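Here are a few notes to go with your first look at this one. Have the structure open as you read.

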Amino acid sequence: MSHAMFRAYADAVKAEIGTATTTRFIALAETTDGRFGLFHHSMLPGAGGAAPHYHSRISESFYVLTGEVRLHDGTGWRTAKAGDFLHVPENAVHGFRNESDALAEMLIIFTPAEHREGYFEGLAALLADGNRPSREEMVALMEKYDQFEVDAPDTDHDHPHTHGDGPTHGDVSAHHHGPGDTHPHHHH
């Protein structure tokens, strides 16, 4: 007979990612029999998050609890507030960061669990003591945990006419990949 598992918030394992982000491991694979992972992500003002990327084996969902989180939905960035939700299926591009001047908190849900705490712990270790990891170290960590960065449009969905029309925001065609593309798009 299986039984329910309770964990108090204070008992959740905490990973400090750099100086601006704390992730609490609320539900892990061993809690949910691998079905999903749940993380409570707290980002101080200006906290960077994840550049646009995709996962081939896991879907991911974001649910904003407090503050404002900038979420990338594959076509551009939008500001998500408390109660807003973004679901990202496998192979769909997404990213997040806190551009606001206030604390932002969100729940991140991974299905299946896929040991995402390993990624967050690895990230915390790479960024510990003010260390600035190399691109190679970051890519090695990401690829170990099914994470692949891509060039994605830098469009601002909240202010569609203020971004993308000037030279300062980069070439909008940058997301069209050439033959040397190291991040092929998977079509299922």
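1. First, a term: a pocket here is an open set of grid points with protein on both sides within 12 Å along at least five of seven lines. Keep in mind that this is a predicted model.

2. The largest pocket holds about 480 Å³ of space. It is lined by 29 residues, and those closest to its centre are Ile17, Gly48, Gly49, Leu123 and Leu127.

3. Which elements supply the lining? At least two residues each come from β4 (50–54), β10 (104–111), α2 (116–127) and α3 (135–144). Helix α2 gives the largest share, with five residues. By type, the lining splits into 15 nonpolar, nine polar and five charged residues.

4. On to charge pairs. You'll find ten salt bridges in the structure. One of them pairs Arg35 with Asp33, at 3.9 Å from N to O. Arg35 is exposed, at 59% relative accessible area, and Asp33 is exposed too, at 64%.

5. Asp73 and Arg78 also form a salt bridge, at 3.0 Å from N to O. Asp73 is partly exposed at 26%, and Arg78 is partly exposed at 36%.

6. Take a look at Arg135 and Glu149 as well, whose side chains meet in a salt bridge at 2.9 Å, N to O. This pair links distant parts of the chain, with Arg135 in helix α3 and Glu149 in strand β11 (residues 148–149), 14 residues apart. Arg135 is partly exposed, at 46% relative accessible area.

Conventions. Residues are numbered from 1 along each chain as its sequence is written. This is a predicted model: local features need pLDDT of at least 70, side-chain atom pairs count only at pLDDT 80 or more; totals for chains, interfaces and linings use all residues. Side-chain values use heavy atoms; hydrogens and water are left out. On a 1 Å grid over the protein atoms alone, a cavity is a set of points where a 1.4 Å probe fits but cannot get out, and a pocket is an open set with protein on both sides within 12 Å along at least five of seven lines; lining residues have an atom within 4 Å of a point. Grid points are joined across faces, edges and corners, and a volume is the space filled by probe spheres set on the points. Helices (H or I, at least four residues) and strands (E, at least two) are DSSP runs, numbered from the N terminus. Ala, Val, Leu, Ile, Met, Phe, Trp, Tyr, Cys and Pro count as nonpolar, Asp, Glu, Lys and Arg as charged, and the others, Gly among them, as polar. A salt bridge is a side-chain nitrogen of Lys or Arg within 4 Å of a carboxyl oxygen of Asp or Glu. Buried means under 20% relative accessible area, exposed over 50%, partly exposed in between (1.4 Å probe, protein chains only).
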